[in-house]
Structures are given as C-alpha cells and as structure tokens.
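Biologist: Hi, I'm new to this one and would like a quick tour. Can you put it on screen before I start asking things?

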Amino acid sequence: MERDIVIVGAGMVGVCCALEMQRRGARVTLIDRRAPGLETSYGNAGCFARSSIVPFNNPTLRHALPKLLGNNTPQFRYRLGYLLRETRWALSFLAHSREHVFSQTARALDALIQLSNGEHLRLLAEAGVTHRLRENGWLFLYRSEVGYAGSAFSQQIYRQFGIDIETLDAEGVKALEPSLAPLFPRGLWVKDSRSVDNPGAVVAAYAALFQARGGRIVQAQVTSIARDGQDWQVVADDARQWRARDVVVALGPWSKALFAQLGLRVPMAFERGYHRHFAAQSGAGLNRPIYDTAAGYVMSPMEMGLRLSTGVELADCDALPRPVQMDLVEASAREAFPLGEALQQTPWMGRRPTLPDSRPMIGAVPGREGLWCAFGHQHIGFSTGTGTASLLGALMHGEGPPIDPTPFAPSRFL
Ligand SMILES: Cc1cc2nc3c(=O)[nH]c(=O)nc-3n(C[C@H](O)[C@H](O)[C@H](O)COP(=O)(O)OP(=O)(O)OC[C@H]3O[C@@H](n4cnc5c(N)ncnc54)[C@H](O)[C@@H]3O)c2cc1C
C-alpha cells in the first residue's frame, strides 16, 4: 500500500522533502499558503557554500559581543524588547559558541552541506536548471590587513575540513572581479562553493519536477495539526482537511508558531535579513557572490540584477520591516562597486530561522508518532534542503541514515 505523507511548507526544504518522499514511493501532498519558494527560499544570496560550517555563534562571537551589543553595526541589529523576551534563547545561543560544542556543530554542518551539494547537482539536472549554477566559488573581501587577520579562526577551520580556499592580494581580487574599486588589500576565495542566479526559480523548478512526477501541490493556509486516531489531521483556514499517518513540518520560520499550537516549545529566533536589487553601471558586473566583511553585506549577481543583502536583525518573525541596515550597506556597496539605480521600490525581508546550536531539527518529534521536523536552517537552508530531505527520508523509512542524525535530532530541544 502506498504511504500517504503530508508536507506543510513549500520552501526549499519542504519541496526537497516532497521530491525525496515521492522518490521513495510515497503519495505526497505538499501544502503552502503561497506558490512554492516565494518566502525565505526566494530572497537569499543563492550560495551553496562549504564555508557555511562556521555559524554566527562560533568561538569568536564572545570577542565581538561588546561591539555587536552597541546595536549600531550593519552586521547585527536587535530590537531590545525582542531580545529581552528571548533572553533564554540568546544565552543558549552564546553557550553553544563554546569551542567543544562549536566543533560538533561544524562537523555536523559539514556532513549535511556535503550531502546536500551532491543532491543539488542531481536535482538541478533533473529539473532542467543546471544553467542557473555557477561553479566559481564565492569571495570574502577585507578592507584592511587587520580585518583579514580577523579571519584566522575561520581559515583554520576551513583548512581542517579540507575546504579549498585561496588567499588573494589586491591584484588577485582585481583579477577575479575587475569591477570592484581598489578597496580590498586582501580577499579569500572559497573555491569549492557554488551559487545560483535565481534561488526562487530553482525552488519553483524543483516543485514543477515534483508535480510532473505526479505530486500534488495545494495552496492553503494551514491553521492546525491535530492527532486523530492513528492519523494526523491538517486543517486549513477555509476548513479543508488532509489526513495522513505522517506529517512533515517544513514551515521554516513559521514552524515555531505551528508547534506552539501543539503545545511544543521550539527555541527558535529570527535572524531577519533584507535584500534589494540594483542595476550595475554600464560595463560593470560581478562574476560570483562577494562578502564585504567590514561593511557587512553580500552582493550576488542575480537574473533580476545585483542582489545586495544585509546581515542580521534579531526581531519578531512578523514585526514590521525596519531596513536601516539596507541604507548603511547600500552606501558601502556604492564605494566598492559602480552600482546603478535600485530596481525595487522597497527592500525584501526574510527571516533566517535559528535554533540555539545553529543546527536544523531533522527527524521525529518525541512522543508524537508520525510527526516529523524539517526546519531551523538559519543561514544555510537554501543549500541544505536537499541533504535534509535525504536524511529525513532515511529516518522515516527506518533505514541507515546517510549522515549521523544525532546532532540534528529534535529531541535535543523538544
Ligand atoms: C538575506 C538572506 C540570505 C540568505 N542566504 C543564503 C544562502 O546564500 N545560502 C543558503 O543556503 N541559505 C541562505 N539563507 C537562508 C535560507 O534562505 C533559509 O534557511 C531557507 O530558505 C529556509 O527554507 P525553508 O524551506 O525552511 O523556509 P521558507 O523558504 O520560508 O519556506 C516556508 C514556507 O512555509 C510557508 N508557510 C508559512 N506558514 C504557512 C501556513 N500557515 N500554511 C501554509 N504554508 C505556510 C511559506 O509560505 C513558505 O513558503 C539566507 C537567508 C536570508 C534571509
């Protein structure tokens, strides 16, 4: 008998889970209130970066903390009321930056990222969107030697994990990105990273592949999930209902609210970020995403223009946007690159869903048979949706998992 699975949330994570469960023979219904890939999975920087094994809460965070708490850097802002309400999360996030916990996280994220990369190459080909992929890495830029020296810890970790990096001088930076102003005496080229020119279109293509293979996508606002006999019942705001033995929650930042409604407290905070598209002045261009470390922005060449994106704003998931960081980084980006006019009236806003140890929750909810988690992917959910799906698929089918599931087990927090 075919197994019925309902997946709630059609961002990168939910769509990849849908494809994986379908590949394993399940009859899958994928539910989202919007078309697939229009939220967080749309507006990111589009990087598949092996260097993402070093999360924000790494051992260098405690040195940076006094400056960050000043609440005036482009890299990090917070709303005081939110931070006070989330003190438990914040202290736990800090505690997880200690060396020994960080080492476990880096190992776990490296396994997930490597697993994901292989799966993306397969799916990009199967969905017919390999042309969106760039295989030329991404570039960290430093405005001073002191700034470069500050990357020593990350570099040591990259080397330890065999990540292919190359240090560049000003000439080397110029050779890779000739349109940049001569502001950067140092660069670090993370060579074995990839990027795409339209993350939302990649998710849409994966979703179209799922549909072409017989998968069902439903547009509905899910309001509750409840146990009903041996099944789970998923209910929408217009009273439509779906029943299944297994339900996967892949609502990204909105997973926390749905779990709260089930009486389950997920320790998730929202690292919000903004982006805005710009034209390049005539003749200028970028070949790959760049990260201007001192100025705190990433700029990625996209189909729709140059996507300038900001660092972190800690705030309520759905609080009104306050894109002050966007104004700051626009000024810095204009120093570094001949940007033209803005191609969007107002900046886009997204929320990176972050758990205290910077690892997603992938697996079974303890004591709730048939309820599965696939959320909490912080800064790396666009790239790690595929690996998440492979791991979850194995766990749901009682098979030996492709990577160690323990660091991602929901039971560590639930
Ligand atoms: C500025 C920025 C830059 C980033 N850059 C990168 C990067 O370069 N590389 C990388 O790997 N990651 C990056 N990320 C992180 C990445 O975008 C996220 O981790 C990832 O998109 C999360 O995917 P998701 O599928 O879990 O969530 P989402 O994409 O948010 O999907 C959740 C879905 O749930 C749906 N939904 C919500 N509530 C309901 C409901 N009640 N009923 C039905 N549907 C509902 C939403 O419509 C949405 O489609 C970045 C994030 C930001 C903000």
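Biologist: Let's start with a crossing: is the one where helix 1 passes helix 13 left-handed or right-handed?
Modeller: Right-handed. Keep in mind that this is a predicted model. Helix 1 and helix 13, which covers residues 381-396, pack at an angle of about 40°, and their axes are 8 Å apart.

Biologist: Which residues of helix 1 and helix 13 meet there?
Modeller: From helix 1 you have M12, V13, C16, C17, E20 and M21. On the helix 13 side they meet G381, F382, G385, T386, T388, A389, S390, L392, G393 and M396.

Biologist: And how many of the residues in that contact are nonpolar, polar or charged?
Modeller: Nine are nonpolar, six are polar and one is charged.

Biologist: Which residues make the contact between them?
Modeller: Helix 1 brings M12, V15, C16, A18, L19 and Q22, and helix 10 brings V202, V203, Y206, A207, L209 and F210. By type, that contact of helix 1 with helix 10 has eleven nonpolar residues, one polar and no charged.

Biologist: Staying on helix 10, which of its residues are buried?
Modeller: P199, G200, V202, V203, A205, Y206, A207, L209 and F210 are the buried ones.

Biologist: How far apart are the end C-alpha atoms of helix 10, and what span should its residues give?
Modeller: The end C-alpha atoms are 20 Å apart. At 1.5 Å a residue, the 14 residues should span 20 Å, so the two agree.

Biologist: What follows helix 10?
Modeller: G214 does, and its phi is positive, near 100°.

Biologist: Back to helix 1 for a moment. How is it set against helix 6?
Modeller: Helix 1 and helix 6 (residues 99-126) pack at about 80°, and their axes are 13 Å apart. That angle makes helix 1 roughly perpendicular to helix 6. The contact joins M12, L19, E20 and R23 of helix 1 to E119, H120, R122 and L123 of helix 6. Sorted by type, those residues are three nonpolar, one polar and four charged.

Biologist: New topic: where does V196 sit?
Modeller: V196 is in strand 9, which runs over residues 194-196.

Biologist: Is V196 buried or exposed?
Modeller: Buried, because its relative accessibility is 0% and the cut-off for buried is under 20%.

Biologist: What is V196 in contact with, leaving aside neighbours within four places in sequence?
Modeller: The contacts of V196 are G46, F48, R132, L133, R134, V202, P301, M302 and F382. V202 also takes part in the contact of helix 10 with helix 1, and F382 in the one between helix 13 and helix 1.

Biologist: Last one: where is G162?
Modeller: G162 is in the loop between helix 8 (152-160) and strand 7 (165-169). With a relative accessible area of 52%, G162 is exposed. Apart from neighbours within four places in sequence, G162 is in contact with R50 and D192. G162 and R50 are 112 residues apart along the chain, and their C-alpha atoms are separated by 9.7 Å.

Terms used: Residues are numbered from 1 along each chain as its sequence is written. This is a predicted model: local features need pLDDT of at least 70, side-chain atom pairs count only at pLDDT 80 or more; totals for chains, interfaces and linings use all residues. Side-chain values use heavy atoms; hydrogens and water are left out. Contact means heavy atoms within 4.5 Å. Helices (H or I, at least four residues) and strands (E, at least two) are DSSP runs, numbered from the N terminus. Ala, Val, Leu, Ile, Met, Phe, Trp, Tyr, Cys and Pro count as nonpolar, Asp, Glu, Lys and Arg as charged, and the others, Gly among them, as polar. The expected span of a helix is 1.5 Å times one less than its number of residues. Buried means under 20% relative accessible area, exposed over 50%, partly exposed in between (1.4 Å probe, protein chains only). Axes are lines fitted to C-alpha atoms, for helices over the stretch in contact, and angles run from 0 to 180 degrees between N-to-C directions. A crossing is left-handed if the near helix is turned anticlockwise from the far one by less than a right angle, and right-handed if clockwise. Angles under 35 degrees count as roughly parallel, over 145 as roughly antiparallel, 65 to 115 as roughly perpendicular and the rest as oblique.
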